[in-house]
Amino acid sequence: MSQDFSHTTVLLHATVNALVDPHFNAKSKAVHSPLPAQQKDGVFVDGTFGRGGHSRYLLSHLSPKAKLFVFDKDPAAIEVAAALRAEDPRVIVVHDAFSSMAEVLAAHGIGKVQGIMMDLGVSSPQLDDAARGFSFMRDGPLDMRMDTSRGITAAEWLNTASFDEIRGVIKDYGEERYAFQIAKKIVDRRQSGPFRSTLELAQLVASVVKSREKGHHPATRTFQAIRIHINQEHEELSRSLASVLDLLDVGGRLAVISFHSLEDRPVKQAIAQASTLDPALAKLPLRETELPAARLINLGKVQASAEEIKHNPRSRSAMLRVAERTAAE
């Protein structure tokens, strides 16, 4: 197994409570507290297993007959998941992106599930392992792939992509106002030799970005943008959100953790679209009883408590959104 890196699970209790507590209340302080042991039946999905913090806590609230499908693209995470599977036969391990969950579940003869949770973005072990190439604070190969067994690396992309493509990625996925200057510097610099290391790229970006928000490294937005592009994170999320309504059984819950607006926005929009009336219908002469019911109930959003942020600063930007499936089609 690869070297172990510590990981503190973000919004642990709130996320699992959202899936198993029938009285879940996003506005209650109790949302951050451990829930008395449940015995929930059914099928649940952890779309981003990571190091298994959410999955292990969820398993403690599931019945012996329940099943938990855990997905992850990261081979290191799959090693941890396989070990958990050896301990608990309720776990089914899938080395793939969460956007494949509909197909995978169908292959197992499962059409509906009682809960789906996803923790988006990069995990602490991925950031802390310099060999993965996610961090601008540690020198390592410029990789950035969630799944190191397939796809091109960040270095390969930077060394071959056009100026327009690099600028577009940094602008769209990093919301970086210096995207033009950074892309030009990258294209000019690679003429003298290919990019290979994370610090090499971080230093180049820092030479261009002279001003930045307090506490943020100048390369933060650029590294985020390249990571999102290399792993096709937005496309994966869009495909997954599109299948959630069909997968959730009536009363089933969706719980999604995001860490920045580019992740949170599509989750917020998907829940809003499914939990509110189509504006076009509002203009029609229909009685209230004739209007279609929403397909989701928005159960609200939860952010990390001051206590959690104190012990895990990375949780400061975490946002959990929760929704419940209704009987409406």
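Leaving aside neighbours within four places in sequence, which residues is Ser275 in contact with?

What we have here is a predicted model, where local features need pLDDT of at least 70, side-chain atom pairs count only at pLDDT 80 or more, and totals for chains, interfaces and linings use all residues. Residues are numbered from 1 along each chain as its sequence is written, and side-chain values use heavy atoms, with hydrogens and water left out.

Okay, back to Ser275. Its contacts, meaning heavy atoms within 4.5 Å, are Ala294, Leu296 and Asn298, once you set aside the neighbours within four places in sequence. Ser275 sits in helix α12; helices here are DSSP runs of H or I, at least four residues, and strands are runs of E, at least two, numbered from the N terminus. A polar atom of the Ser275 side chain also lies 2.6 Å from the backbone oxygen of Ile271.

Now, the overall layout. There are two domains: domain 1 covers 12-124 + 233-325, and domain 2 covers 133-231. Those bounds come from an automatic or database domain assignment. Their centres, taken over C-alpha atoms, are 30 Å apart. On the contact itself, domain 1 puts in 15 residues and domain 2 puts in 14.

How much area do domain 1 and domain 2 bury between them? About 1,200 Å², with 48% of it on carbon and sulfur atoms. Buried area is the accessible area (1.4 Å probe) that two parts lose on being put together, summed over both.

We count 3 salt bridges between domain 1 and domain 2, each one a side-chain nitrogen of Lys or Arg within 4 Å of a carboxyl oxygen of Asp or Glu. Glu175 and Arg265 meet in a salt bridge too, at 3.9 Å, N to O. On the side of domain 1 that touches domain 2, the elements giving two or more residues are α11 (233-247) and α12 (261-275). The residues on that side split into 3 nonpolar, 5 polar and 7 charged.

Definitions and conventions:
Ala, Val, Leu, Ile, Met, Phe, Trp, Tyr, Cys and Pro count as nonpolar, Asp, Glu, Lys and Arg as charged, and the others, Gly among them, as polar. A polar contact is a pair of N or O atoms within 3.5 Å; within protein, one must be able to donate a hydrogen and the other to accept it, and residues adjacent in sequence count only if both atoms are side-chain atoms.
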